[in-house]
Amino acid sequence: MRILIILVLLSFLAAILDYFKGKIPNLLIITGCCYGLIRMIYYHDFLKSIPGILFPIIVLFPIYKIGVIGAGDIKLFSMLGFYFTFMETVFCIFSAFVLGAVISMFCFIRYGNFAERISYLVSYLRESFLAGHFRYYYSDASEDPGLRFEDGKTKIHLAIPIFLSVLLHVGGVL
C-alpha cells in the first residue's frame, strides 16, 4: 500500500507541474519507474507488468505525433504499468480520457468557446479525411487568436485527469 501512496503523490506532483509548467519532468517519471521497479521485484511480477508499461507507448504514440497529447502524458501512463496490472492500466487510461472530456466540457462552458472548438475539430477531421492523413492538430491555431494553444483556453493538462484516475483507482472507487 505504501508504494501506491508514492504513485498517488508522484501523479499529483505531475499534475501540478503539468498545470503550472506545461510539462512533466523526466526525473519525476524516472523516480516513479524506479519505485515501481522495486514493487515489481518485491511482488515477482516483472513479466506481468511489461504489457501495462508498453501499451500506452504503442497505442498513444500516434496521437502524440499529431499533437493531441504530450510525451509526458504517455510516459506518465506508462509509469502506471509499473504499479498496476495491464487491465488496470488500460482502465486508468480510459478513465483519464473520460475525466479529461468532462473537464474539457467545463472549460468550454467557462470560456464560452464550445462552438469554436467543435468547429475547429470538425474542420480538422474533414481536412484530414480529404488529405488522407492527419496533420498536427494545432498547426494553424496560431493564425486564429481564439484557437491558440497557449491561450489557456484550449489546452487541457492531461496529467490532472490521470492523477484523478489514479486516485479513484487506488481509493477503490473505480
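Let's start at V122, which sits in helix α6. In this predicted model, V122 has a relative accessibility of 45% and therefore counts as partly exposed, since that class lies between the 20% limit for buried and the 50% limit for exposed.

Together with M105, F114, I118, L121, L125 and F134, V122 makes a nonpolar surface patch of about 600 Å². Helix α6, spanning residues 114–131, is the main contributor to the patch and gives five residues.

Now step back to the whole chain. Its secondary structure consists of seven helices and zero strands, so if you trace the sequence you read α-α-α-α-α-α-α. Of the 174 residues, 37% count as buried. The chain exposes about 10300 Å², and 72% of that comes from carbon and sulfur atoms.

In soluble globular proteins, nonpolar side chains tend to be buried together. Here, the largest nonpolar core has 30 residues, and L76, F77, M79, L80, Y83 and I162 have the most contacts inside it. Helices α1 (2–21), α2 (26–43), α3 (46–65), α4 (71–80), α5 (86–111) and α7 (159–170) each supply at least two residues of this core. The largest share, six residues, comes from α1.

Leaving aside residues up to four places away in sequence, M79 touches L7, L10, L28, I29, G32 and C33. For the chain as a whole, among contacts between residues at least 6 apart in sequence, 64% join residues at least 24 apart.

Notes: Residues are numbered from 1 along each chain as its sequence is written. This is a predicted model: local features need pLDDT of at least 70, side-chain atom pairs count only at pLDDT 80 or more; totals for chains, interfaces and linings use all residues. Side-chain values use heavy atoms; hydrogens and water are left out. A nonpolar core is a set of buried Ala, Val, Leu, Ile, Met, Phe, Trp, Tyr and Cys residues joined through side-chain atoms within 4.5 Å. Buried means under 20% relative accessible area, exposed over 50%, partly exposed in between (1.4 Å probe, protein chains only). Helices (H or I, at least four residues) and strands (E, at least two) are DSSP runs, numbered from the N terminus. Contact means heavy atoms within 4.5 Å. Patches are made of residues with over 30% relative accessible area and no salt bridge: like charges are joined within 9 Å, nonpolar side chains (Val, Leu, Ile, Met, Phe, Trp, Tyr) within 5 Å. Accessible areas come from the Shrake-Rupley method with a 1.4 Å probe; for residues, only the protein chains shown count as cover. A salt bridge is a side-chain nitrogen of Lys or Arg within 4 Å of a carboxyl oxygen of Asp or Glu.
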